[in-house]
Amino acid sequence: MNSKALFRMLFHVFTTFVYFCAIIRYEYLPPMPHKKPQDHFAGRLKYLTYWNLLVQFLFFTLSSIMDFMKTSSSSYNKLTKLRDKFYAGIVLPYGVFVVAMFWILYGINRELIFPKVLDPVFPPWLNHVSHTVILPVLLIETYIIKHRHPRRRDGMKLTAAFGLCYGIWTLILGLGMDIWVYPVLQIMNWTARIVFFAVSILFMFLQYLVGEKINCLFWGEGIVQKNK
């Protein structure tokens, strides 16, 4: 194993370990302070942050497994296609989206996204693993691994499908149980909510294109499968 392959393996294994530790730490968080008893329903699974953390963990677990496989095997080639499509359509755009949206809203008014009442029960390191570390990790991943993007329309369909699933889940909680996952959604009227979701999807499409361009910058235009 050469030095580059060793670095990739150590990077993937260490990142997987960090995300695994974060997921386990979520299990031991005390009950979050809520205004209504029903707000405890579904726990951490209400939040896109946690969905994204699971996505990142699964991706880097897969990458770690592949680092120990023979690159010439047919199984490796099949997993490579799956990994790259997963990375381009969900892992990269949603990883960037979660980091960007959290810190933008935090800078505007942290009470809308991470109220001060959470500080005593939510460790700072867990907050940064969930909302900060993901971005530099993804940039390193893009730089050291040649990920081939699927056709743009196929990749964006995956991006939209994941966002649609989470959006529907959020509306089910809000309309069915009066649980608005994020306080910012509760103070919005329906017009503002529709605009918010629409802008969020457009922003994620933008992240998809940015990720594609960054990959092209590192690896050339040949990494993108052309439309037929």
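**Helix packing, salt bridges and selected residues**

Gln56 is buried, its relative accessible area being 0%, where buried means under 20% relative accessible area, exposed means over 50% and partly exposed lies in between (1.4 Å probe, protein chains only). The model is a predicted one, in which local features need pLDDT of at least 70 and side-chain atom pairs count only at pLDDT 80 or more, while totals for chains, interfaces and linings use all residues. Residues are numbered from 1 along each chain as its sequence is written, and side-chain values use heavy atoms, with hydrogens and water left out.

Gln56 belongs to helix H2 (residues 48-67); helices here are DSSP runs (H or I, at least four residues), as strands are (E, at least two), numbered from the N terminus. Leaving aside residues up to four places away in sequence, Gln56 touches Tyr19, Val91, Gly95, Ile134 and Leu138, a contact being heavy atoms within 4.5 Å.

Two of these neighbours, Tyr19 and Ile134, lead on to the packing of helix H1 against helix H5, for both take part in that contact. Two packed helices are described by the angle between their axes and the distance between the axes. For H1 (residues 3-27) and H5 (residues 134-144), the axes come within 12 Å and cross at roughly 155°; axes are lines fitted to C-alpha atoms, for helices over the stretch in contact, and angles run from 0 to 180 degrees between N-to-C directions. H1 is therefore roughly antiparallel to H5, on a scale where angles under 35 degrees count as roughly parallel, over 145 as roughly antiparallel, 65 to 115 as roughly perpendicular and the rest as oblique. Their crossing is left-handed, which is to say that the near helix is turned anticlockwise from the far one by less than a right angle, clockwise being right-handed. H1 supplies Phe7, Arg8, Phe11, His12, Thr15 and Tyr19 to the contact, and H5 supplies Ile134, Val137, Ile140, Glu141 and Ile144. By class, seven of the residues in the contact of H1 with H5 are nonpolar, two are polar and two are charged; Ala, Val, Leu, Ile, Met, Phe, Trp, Tyr, Cys and Pro count as nonpolar, Asp, Glu, Lys and Arg as charged, and the others, Gly among them, as polar.

A second pair, H6 (residues 152-177) and H8 (residues 190-219), packs at an angle of about 150° with the axes 10 Å apart. H6 and H8 are therefore also roughly antiparallel to each other, and their crossing is right-handed. On the H6 side the contact is made by Arg152, Gly155, Met156, Thr159, Ala160, Gly163, Gly167, Thr170, Leu171 and Leu175. H8 contributes Trp190, Phe197, Ile201, Met204, Phe205, Tyr208, Leu209, Glu212 and Lys213. The contact of H6 with H8 has 11 nonpolar, five polar and three charged residues.

Side chains of opposite charge can pair when their charged atoms come close. With a salt bridge taken as a side-chain nitrogen of Lys or Arg within 4 Å of a carboxyl oxygen of Asp or Glu, the count comes to five. One of them joins Arg152 and Glu212 at 2.4 Å, N to O. This pair links distant parts of the chain, 60 residues apart, with Arg152 in H6 and Glu212 in H8. Arg152 is partly exposed at 35% relative accessible area, whereas Glu212 is buried at 2%. Arg151 and Asp154 also meet through their side chains, at 3.0 Å from N to O, and Asp154 counts as buried at 18% relative accessibility. In the salt bridge of Asp84 with Arg83, the closest N and O atoms are 3.1 Å apart; Asp84 is buried at 4%, and Arg83 is buried at 7%.

Helix H4 (residues 124-131) holds His128, which is partly exposed at 35% relative accessibility. His128 touches Trp103 and Val133, not counting residues up to four places away in sequence. From His128 to Val99 the C-alpha to C-alpha distance is 9.4 Å, across 29 residues of sequence. The buried residues of H4 are Leu126, Asn127, Val129, Ser130 and His131, and their cover includes H1, H2, helix H3 (74-109) and H5.

Most residues other than glycine have a negative phi. Phi of Asp178, however, is near 55°, a positive value in a residue other than glycine. Asp178 is partly exposed, at 38% relative accessibility.
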